[in-house]
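Thanks, everyone. I have one structure to go through today, and I will keep it short. Please look at the screen.

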Amino acid sequence: MTTEPTEEIVLHGISGSQGICIGKAYLVDREGVDVIERYNIDNKDVDKELKRFKGAVNKAKNELSGIIEDIPEDLRQHAYILETHLLLHKDKMLYGKTIELIKNEQINAEWALKKASATAKSVFKNISDPYLQARAADIEHVCDRILRHLMGTVDVNISGINKRVILVANNLSPAETSQIQLNRVMGFITDRGGKTSHTSIIARTLEIPAVLGLERATALIKNEDLIIVDGNEGIVIINPEEETLVRYEELSRRYEAYKKEEVRRGELPATSADGKHFRIMGNIELPEEVVAVKDHGGDGIGLFRTEFLYLSRIDFPGEQELFDQYKEVVELMSPLPVTIRTLDINGDKEIESMPSPEEANPALGLRAIRFCLKNPEIFKTQLRAILRASAHGYVRLLLPMISGAEEITECIRILDQAAAELEQEGLEYNRDIEVGIMIEIPSAAVMADLLADMVDFFSIGTNDLVQYTLAIDRGNRHVAHLYSPMHPAVIRLIRHVVDAGRHKGKKTYMCGEMAAEPMHLPILMGMGIEELSMAPQSIPKIKNLIRKINVSEVEKLMDTLLQQSSVQDMERIIMDAYGELLNEDIYGK
């Protein structure tokens with residue numbers, strides 16, 4: 001019996017974690033929980049149904065607690081992700097709403113949980129920040145775990161895999177990913193998920209290749225199929241031809257050698273070929289990530305997102321809790337700077353004491369500084385905690401989503417009020433901290449010359465600035481291809497901000513995703529942005545690339561770039577000038 005030769009298939013997805021691996025596929029089988037039957041229950045059975053639901057929640061929590069206890073040491077810094085999942089089991093949006101639906105609509109627990117989950121996920125999906133938007137997946141993972149206990153299905157046992165494989169799954173939860181044994185699992189690919197998912201974050205910590213969002217990988221790949229996972233390019237190759245296999249084996253060897261050298265040299269200063277010094281900082285969400293910033297040679301924290309301290313609970317955190325978190329980060333990084341961004345969240349957070357407003361477009365609504373100024377006591381609590389933490393190291397305060405001068409004036413007034421209260425109460429604090437604004441709304445960019453008189457620095461948040469400038473929702477698959485930080489309008493706007501700040505003696509930094517992309521680096525250096533902040537894993541790559549670029553040469557190139565009218569022309573000029581260098585940086589040639 002002869003077997004038909006299999007044809008090479010190439011799938012394109014999202015790079016979740018860099019690296020290349022070649023091996024046999026291992027399909028993660030799970031009994032489905034997507035097909036949920038809806039049925040009504042009698043009034044006399046409501047208590048019984050509630051008891052069944054609460055029992056499933058407790059079993060799910062106990063199961064997750066066991067996984068947390070067994071997390072290996074190299075992933076211990078990410079235990080907070082699973083601890084947050086524990087909190088979500090009793091969250092008002094999920095747990096409370098499910099109980100309410102069982103009682104009021106007299107429906108089965110599975111259907112009530114699914115309905116509550118859909119409502120809770122929509123809250124996060126309407127947030128424009130990609131990291132916060134991806135938290136909808138956390139709700140889904142918690143919901144699935146509870147559903148499996150309600151329906152009596154079996155969870156995936158990743159830790160039980162006993163051979164060297166590449167995992168192939170529809171999706172992997174952070175709990176499942178944390179069970180990966182590095183001596184058994186070379187990498188993984190999923191149909192769903194994205195770069196900002198917690199699963200992707202864990203993959204980058206493990207430093208194993210991962211490609212996500214492939215959509216149909218589980219439908220095309222069979223157990224034991226030979227596959228190549230290229231996490232650098234977001235590509236998966238099924239049944240590779242001999243020529244492809246040889247090429248990727250060589251690429252993998254080069255990449256591993258390059259990565260070792262890159263990390264080793266990441267501790268060196270980011271000084272350009274002609275002697276200009278740059279600071280390369282880390283973006284973090286929680287104190288545990290400070291370790292990653294230091295390990296990868298970061299020069300400080302350029303963006304400490306504080307939202308997760310609020311979103312992982314059903315009430316607002318108190319001043320002492322915030323202070324403890326901020327102080328820990330500041331002391332760990334001292335004497336290097338820590339830039340703390342104030343609360344950047346929609347006003348549609350479900351809180352018992354504060355009903356959620358209905359908003360047709362939350363991305364353009366009551367979020368970030370608008371939410372804080374509408375709720376000054378919540379804002380002042382955070383400012384007090386930041387001022388107190390600033391007495392323990394180098395703190396910079398960053399105000400998000402500023403659109404004009406009035407907002408800055410009001411923020412400074414509340415900050416001064418917070419400082420006066422701390423003084424009166426005899427608490428240690430430091431009012432002499434730098435105050436900056438995020439430039440992410442075009443109105444702030446256009447008015448940068450005037451706003452520079454009111455603040456100490458600018459920090460460009462490219463994720464929103466690009467989205468708002470081009471009127472593109474990058475989460476919309478129909479228009480996402482038009483989203484590009486290399487659009488001439490975006491480059492001109494950033495240049496205007498940098499020049500306006502320089503004219504007033506104020507520095508401009510960048511903390512958006514644009515900062516971590518090698519192709520963008522020559523432009524940013526040429527414009528005079530001397531501090532870039534990014535995910536910790538990207539720091540060595542950018543620092544090493546800076547050392548190979550001559551700033552005076554890029555400055556001359558800027559005149560040509562600013563005359564271009566298309567993204568394609570901008571990219572062509574950069575690749576003509578730096579293509580060999582950028583390709584060396586990516587592939588380790």
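Buried, as I use the word here, means under 20% relative accessible area, and exposed means over 50%. What you see is a predicted model.

With that cut-off, I start at helix α23, residues 551-561. Its buried residues are V551, V554, L557, M558 and L561. Looking down the axis of α23, these buried residues fall within an arc of 120°, so they line one face of the helix. K556 and D559, on the other side of α23, are exposed.

Next, the nonpolar cores. The largest has 101 residues, and the members that touch the most others in it are I494 and L532. If we leave out residues up to four places away in sequence, L532 touches R279, I280, M281, M510, A515, L521, L524 and I542. Another core lies apart from that one; it has 25 residues, including V46, F53, A60 and L101.

Now the sheet. In what order do the strands of the open sheet run? The order is β1-β8-β7-β3-β4-β5-β6-β2, eight strands with mixed pairing. The edges are β1 (9-12) and β2 (14-17), each with a single partner strand, so one side of each has no neighbour in the sheet. On average, neighbouring strands are turned by 30° against each other, ignoring direction.

Inside the sheet, β3 (residues 20-27) pairs with β4 (residues 165-169) in the parallel sense, over three bridges. Y26 has L167 in β4 as its bridge partner. Helix α10, residues 242-265, packs on the sheet and touches β3, β7 (226-230) and β8 (235-238). The direction of α10 makes about 120° with that of β3.

That is the tour.

Notes. Residues are numbered from 1 along each chain as its sequence is written. This is a predicted model: local features need pLDDT of at least 70, side-chain atom pairs count only at pLDDT 80 or more; totals for chains, interfaces and linings use all residues. Side-chain values use heavy atoms; hydrogens and water are left out. Two strands pair if DSSP finds at least two bridges between them. Helices (H or I, at least four residues) and strands (E, at least two) are DSSP runs, numbered from the N terminus. Axes are lines fitted to C-alpha atoms, for helices over the stretch in contact, and angles run from 0 to 180 degrees between N-to-C directions. Contact means heavy atoms within 4.5 Å. A nonpolar core is a set of buried Ala, Val, Leu, Ile, Met, Phe, Trp, Tyr and Cys residues joined through side-chain atoms within 4.5 Å. Buried means under 20% relative accessible area, exposed over 50%, partly exposed in between (1.4 Å probe, protein chains only). The arc is that of the directions from the helix axis to the C-beta atoms.
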